[in-house]
Amino acid sequence: MTTAPPDTEVGPLLREWRERRRISQLELALRADSSARHISFVETGRSRPSEDMVLRLAEALDIPVRERNALLVMAGYAPRYAQTPLDAPAMSALRESLDRLLTAYEPYPALVVDGVYGVVAANRGIALLLEGVAERLLVPPVNAMRLTLHPEGLAPRIVNLPEWRADLLAQMERQIALVRSPALRELYEEVAAYPVPERPADTDRPDVREGPGGPGGSASADGRAGGERAAAFALPMRLEHGGRVLSFVSSIATFNTPMDVTVAELAIETFLPADRETAAYLHAHLPP
């Protein structure tokens, strides 16, 4: 009886994932209900893992769904997870759920992006913030990173752009380290090369106020509202809008235990007001 030769590609890739997670062969074996000896044989190509073992190792290593398919193919098995276009009829219930969720967040800005930050859906709160963005950046396919960091996008109006830009680029670097995506790498190199618009100091721009203004409604130029620092628990995005500076903190949610590559790569990002003044402004200015 002949047997298939042991795979020589999936093993080193599994070892690479294990080293990324900084765990030992023994710890991985315990997580995957295996033995350190078998893990060693798989990683060196001396043993071809079963389909079930590939999936157990991928789960134990928290490997993204798209990469799990790649591991299965390299090991000689069929992909386990579908990649259904979001506009397919089978995704109608998901699309409707996302629309309801985005509407529920209003007036707070919220949007859904895919694995390369392509904007899949957005609510009216996002539309409010995009006033003044160059039209060419709003032509589909729209990309959230381009909208934010492009000199003709939001960048010139982000008061703390150096800090916010550094945080976004670091986020992309972490994602690139997690998934092998040439498209994501290309996007990173593009947006990282954008020139950073120079901004005059806030003290030289007396017409810009923190918050919506009005009696007791303004905040000082250092980002304090009512004597308290806004969003001390997270880095806020401070965005100039309508002669005022709004302050937001970003929250990102993803789907738990997704069974489809498309769904696995979706992320729902919400921009929550970091102070009462920003919240009041959004409630008062939500577009119809």
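Figure 1. Met-145 is located in helix H8. In this predicted model, Met-145 has a relative accessibility of 3% and counts as buried. Leaving out residues up to four places away in sequence, Met-145 touches Tyr-117, His-150, Leu-168, Gln-171, Met-172, Leu-187 and Val-191. Ala-192 is 47 residues from Met-145 in sequence, and the C-alpha atoms of the two are 9.9 Å apart in space.

**Figure 2. The largest nonpolar core, with Tyr-117 among its most connected members.** This core comprises 38 residues, and the most contacts inside it belong to Tyr-117, Met-172 and Val-191. Helix H9, which spans residues 161-178, supplies the largest share of the core, six residues. A separate core has 24 residues, including Met-53, Val-54, Leu-55 and Val-65. In soluble globular proteins, nonpolar side chains tend to be buried together. Beyond the residues up to four places away in sequence, Tyr-117 touches Val-142, Asn-143, Ala-144, Met-145, Gln-171, Met-172, Gln-175, Leu-184 and Leu-187.

**Figure 3. The two sides of helix H10.** Helix H10 covers residues 182-192, and its residues Leu-184, Leu-187, Tyr-188 and Val-191 are buried. These four lie on the same side of H10 because they cover an arc of only 100° around the axis. Pro-182 and Glu-186, on the other side of H10, are exposed. The cover over the buried residues of H10 includes helix H8 (144-149) and H9.

**Figure 4. The salt bridge between Arg-146 and Glu-190.** The side chains of Arg-146 and Glu-190 meet at 2.8 Å, N to O. This pair links distant parts of the chain, as Arg-146 belongs to helix H8 and Glu-190 to helix H10, 44 residues apart. Arg-146 is partly exposed at 29% relative accessibility, and Glu-190 is also partly exposed, at 29%.

**Figure 5. The salt bridge between Arg-136 and Glu-152.** The closest N and O atoms of Arg-136 and Glu-152 are 3.1 Å apart. Here too, distant parts of the chain are linked: Arg-136 is in the loop between helix H7 (124-129) and H8, while Glu-152 is in the loop between H8 and H9, 16 residues apart. Arg-136 has a relative accessible area of 54% and is exposed, whereas Glu-152, with 37%, is partly exposed.

**Figure 6. The salt bridge between Arg-68 and Glu-59.** Side chains of opposite charge can pair when their charged atoms come close. In the salt bridge of Arg-68 with Glu-59, the closest N and O atoms are 2.9 Å apart. Arg-68 is buried, at 9% relative accessibility, whereas Glu-59 is exposed, at 53%. A search of the whole structure finds 10 salt bridges.

**Figure 7. Asp-260, a buried residue without a salt bridge.** Asp-260 lies in the loop that runs between strand E7 (244-254) and helix H11 (261-264). The nearest side chain of opposite charge is that of Arg-66, 8.4 Å away. The side chain of Asp-260 does make a polar contact, at 2.7 Å, with the side chain of Thr-84. Apart from neighbours within four places in sequence, the residues in contact with Asp-260 are Val-65, Ala-82, Gln-83, Thr-84 and Met-91.

**Figure 8. Asn-160 in the loop between H8 and H9.** Asn-160 has a relative accessible area of 10% and is buried. The side chain of Asn-160 reaches the backbone oxygen of Pro-236 at a distance of 2.7 Å. When residues up to four places away in sequence are not counted, Asn-160 touches Leu-235, Pro-236, Met-237 and Arg-238.

**Figure 9. The setting of the close-up views in the protein chain.** The protein chain contains 12 helices and eight strands. Of its 288 residues, 45% are buried. Among contacts in the protein chain with a separation of 6 or more, 60% join residues 24 or more positions apart.

Key:
Residues are numbered from 1 along each chain as its sequence is written. This is a predicted model: local features need pLDDT of at least 70, side-chain atom pairs count only at pLDDT 80 or more; totals for chains, interfaces and linings use all residues. Side-chain values use heavy atoms; hydrogens and water are left out. Buried means under 20% relative accessible area, exposed over 50%, partly exposed in between (1.4 Å probe, protein chains only). Lys and Arg count as positive and Asp and Glu as negative; His and the chain ends are not counted. A salt bridge is a side-chain nitrogen of Lys or Arg within 4 Å of a carboxyl oxygen of Asp or Glu. A polar contact is a pair of N or O atoms within 3.5 Å; within protein, one must be able to donate a hydrogen and the other to accept it, and residues adjacent in sequence count only if both atoms are side-chain atoms. Contact means heavy atoms within 4.5 Å. A nonpolar core is a set of buried Ala, Val, Leu, Ile, Met, Phe, Trp, Tyr and Cys residues joined through side-chain atoms within 4.5 Å. The arc is that of the directions from the helix axis to the C-beta atoms.
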